[in-house]
Amino acid sequence: MDIRPILKKRHAALEKLMADKGLDAVLFVGNSCVGPLSYGNFRYFTDWRCYYHLQAFLMRPGKEPAVFVGSILHTQGLTERGFTNIKLGANIR
């Protein structure tokens, strides 16, 4: 199943909610250090399970979503889900 169209709808809905609430950005953190039930919104908006590192999803109105990861092991899976703005480890700015 191609998750990309579903993620696009979720991102669009989030962007609308942000506009309605006057938010400049939202940040969801995925934390595998506290167990598999802690992924919450991060997983909903990325369809990605965190493992080994903290990860984050950043949405800003009118911008491409960004995903911040701690290992190159995560980049392929996120790329397959349609993400192109993936920040890795020391390149996070």
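Begin with the largest nonpolar core of this predicted model. Select Leu14, Phe28, Phe42, Phe57, Val67, Leu78 and Phe83: of the 17 residues in this core, these touch the most other members. Next, colour helix H1 (4-21), strand E1, helix H2 (40-46), strand E2 (54-59) and strand E3 (66-69), each of which supplies at least two residues of the core. The largest share, 3 residues, comes from H1. In soluble globular proteins, nonpolar side chains tend to be buried together.

Now centre the view on Phe42 and display its surroundings. Leaving aside residues up to four places away in sequence, Phe42 touches Phe28, Val29, Gly30, Asp47, Trp48, Cys50, Gln55, Ala56, Phe57 and Val67.

From that list, select Val29, which is found in strand E1 (residues 26-31). Val29 counts as partly exposed because its relative accessibility is 44%, a value between the limits of 20% for buried and 50% for exposed.

Finally, return to the whole chain in cartoon view. The protein has 3 helices and 4 strands, and from the N terminus its elements follow the order α-β-α-β-β-α-β. Of its 93 residues, 35% count as buried. Switch to a surface display: the accessible surface comes to about 5900 Å², and 57% of this belongs to carbon and sulfur atoms. Among contacts between residues at least 6 apart in sequence, 43% join residues at least 24 apart.

Key: Residues are numbered from 1 along each chain as its sequence is written. This is a predicted model: local features need pLDDT of at least 70, side-chain atom pairs count only at pLDDT 80 or more; totals for chains, interfaces and linings use all residues. Side-chain values use heavy atoms; hydrogens and water are left out. Buried means under 20% relative accessible area, exposed over 50%, partly exposed in between (1.4 Å probe, protein chains only). A nonpolar core is a set of buried Ala, Val, Leu, Ile, Met, Phe, Trp, Tyr and Cys residues joined through side-chain atoms within 4.5 Å. Contact means heavy atoms within 4.5 Å. Accessible areas come from the Shrake-Rupley method with a 1.4 Å probe; for residues, only the protein chains shown count as cover.
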